[in-house]
Amino acid sequence: MFIAANWKMNLNKKKIQEFITDLENFEFDDGVKACIFPSFIFIDYLYSLISDKSISLGSQNCHFEKNGAFTGDISPYSLKECGCEYVILGHSERRAQYNEDNNFIKKCAYSAIDAGLKPIICVGESIEIRNSGNAINFIKSQLDECLPENCKDIYIAYEPMWSIGTGIIPSINQIEEIHSIIKIQAIKKNIGTTKVLYGGSVKPDNAEKIMSIDNVDGTLIGGASLNVKDFLAIYCSAVKQIKVIS
Ligand code: PGA
């Protein structure tokens, strides 16, 4: 299981330090990886605080070029150098606010893999697409266009746009259906191992239910990951789930 904390553009140095201090006596389980995705500017700082490496570090985005004239962008190689292991690509906020399209996301995924990072590629439909009955076709075409091919190890996050920050989550059947389609599409692209995370209004009170669904390999958490208590409650739901399975 994989628990990803997408902090987005939140938390300052003091709050980050408090967050990590509050985690000090917590025993992470070997079967559940926790990864934090802070703002670019605090990646180095967070890395210095988590020197025991019980938590992994990731970036919320990257560029596809190794270096060059790309003002304001970040190379996946720089992220790797600063201790990142993962990078989120194609989050719906990036797609909507910065016009990142599937082609761009695919190029970033190849480049991230080359740099030694594991990409977490986000897909998800709008409420209009869901209501028109086209969610499955939409997700399939997103995957078709943005997934890299013939790679070893990839993460895909299903994040319905209508669920992000709204408190509304899809039904168990809807999550199960999309996650199994994602796994099939990844096999078609000859991807070795694919872990599928669910993201969108994951909270302590729904995490256990979500993580008991077939083909849910973890969660990508936004709002609830800003608070240590909620983050750990969700993490513990994942630990409980792996104990049920084994
Ligand atoms: P949320 O965000 O948990 O606040 O809904 C999830 C995300 O955007 O990754």
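The legends below describe close-up views of a predicted model.

**View 1. Helix H1 and its buried face.** Helix H1 spans residues 13-22, and its buried residues are Ile16, Phe19 and Ile20. Seen down the axis of H1, these buried residues fall within an arc of 90 degrees, so they line one face of the helix. The elements against which the buried residues of H1 pack are strand S2 (33-37), helix H2 (43-49) and helix H10 (228-245). On the face of H1 that is turned away from the buried side, the exposed residues Lys14 and Asp22 are found.

**View 2. The surroundings of the ligand.** The ligand is surrounded by 13 residues, of which the closest are Lys8, His91, Glu159, Gly165 and Ser201. Sorted by class, this shell comprises three nonpolar, eight polar and two charged residues.

View 3. A polar backbone atom of glycine 165 is 2.7 Å from an oxygen atom of the ligand. For serine 201, a backbone N or O atom lies 2.8 Å from an oxygen atom of the ligand, and for glycine 223 a backbone N or O atom likewise lies 2.8 Å from a ligand oxygen atom. Of the 280 Å² of accessible area that the ligand has on its own, the protein covers 97%.

**View 4. Threonine 219 in strand S8.** Threonine 219 belongs to strand S8, which runs over residues 218-221, and its relative accessible area is 0%, so threonine 219 counts as buried. When its neighbours within four places in sequence are left aside, threonine 219 is in contact with Phe2, Ile3 and Ala4, with Leu197, Tyr198 and Val202, and with Ile210, Met211 and Ile234.

**View 5. Two loop residues with positive phi.** Most residues other than glycine have a negative phi. Lysine 8, which is placed in the loop between strand S1 (2-6) and H1, has a positive phi near 50 degrees.

Technical notes: Residues numbered from 1 in each chain as written. Predicted model: local features only at pLDDT ≥ 70, side-chain atom pairs only at ≥ 80, totals over all residues. Heavy atoms only, no water. Buried < 20%, exposed > 50% of the residue type's maximum accessible area, 1.4 Å probe, protein only. Helix = DSSP H or I, 4+ residues; strand = E, 2+ residues; numbered from the N terminus. Arc of directions from axis to C-beta. Contact = heavy atoms within 4.5 Å. Near = heavy atom within 4 Å. Polar contact = N/O pair within 3.5 Å; in protein donor to acceptor, adjacent residues only side chain to side chain. Areas by Shrake-Rupley, 256 points an atom, 1.4 Å probe, with all protein chains shown as cover. Nonpolar A, V, L, I, M, F, W, Y, C, P; charged D, E, K, R; others polar.
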